[in-house]
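Work through the exercises below with the sequence and the model at hand. Try each task before reading its solution.

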Amino acid sequence: MRVRLTKTFHFEAAHDLPTFPPGHKCRRLHGHSFRFDVVVEGEVEEAKGYLIDYGDIKQATDPIVHELDHYYLNEIEGLSNPTSEILARWLWLRLKPRLPQLSQITVYETCTSACEYRGE
Ligand SMILES: [Zn+2]
C-alpha cells in the first residue's frame, strides 16, 4: 500500500519581493501568516500499518520553522528574494536530508495562494 501523508506548519514573517515590477504592492515590506505542508510518500509495511510517525515529521521540521518565525525573510541566507516558489525550494533543501521520504512542499502565502514543489 502506497500513501502520502501531510503535516501542516505555520509561521509569521515579513518580506518584500524585489523582483516584482516597480510600484507593485509586493515590493513594499509586508507580512504573512505563512502555512506550509510537508508531504511524505512511501510504502506502508503491512505489519506496521503506518508509514512514518507524524511526530517524526514535526521533529524534523520544527527547527526550520524556528529559523523563519517572526523574521524578515529577505535577511535569511538563500531567501534574499523570498517568493513562495523560492521559499518552497529552500524548505525542500533543508528538509530532504532530515526526511528522506519527503515528496512535496506546499507553501501557502495566503489562504488562497499556494506553491507546490517536488524537488525538480
Ligand atoms: Zn508577500
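Two residues are in contact when heavy atoms of theirs lie within 4.5 Å. Helices (H or I, at least four residues) and strands (E, at least two) are DSSP runs, numbered from the N terminus. The model is predicted, so local features need pLDDT of at least 70 and side-chain atom pairs count only at pLDDT 80 or more, while totals for chains, interfaces and linings use all residues. Residues are numbered from 1 along each chain as its sequence is written, and side-chain values use heavy atoms, with hydrogens and water left out.

**Exercise 1.** State which residues of α1 meet which residues of α2, and describe how the two helices pack.

Solution. Start with the contacts: A60, T61, I64, E67 and L68 in α1 meet L87, W90, L91, R94 and L95 in α2. By class, this contact has seven nonpolar, one polar and two charged residues. Here Ala, Val, Leu, Ile, Met, Phe, Trp, Tyr, Cys and Pro count as nonpolar, Asp, Glu, Lys and Arg as charged, and the others, Gly among them, as polar.

Next, take the geometry. Helix α1 covers residues 54-68 and helix α2 residues 84-95; their angle is about 135° and their axes are 10 Å apart. Axes are lines fitted to C-alpha atoms, for helices over the stretch in contact, and angles run from 0 to 180 degrees between N-to-C directions. Angles under 35 degrees count as roughly parallel, over 145 as roughly antiparallel, 65 to 115 as roughly perpendicular and the rest as oblique. Therefore α1 and α2 are oblique to each other.

**Exercise 2.** Is H70 buried or exposed, and where is it found?

Solution. H70 sits in the loop between α1 and β3 (71-72). With a relative accessible area of 62%, H70 is exposed. Its phi is near 60°, a positive value in a residue other than glycine.

Methods. Buried means under 20% relative accessible area, exposed over 50%, partly exposed in between (1.4 Å probe, protein chains only).
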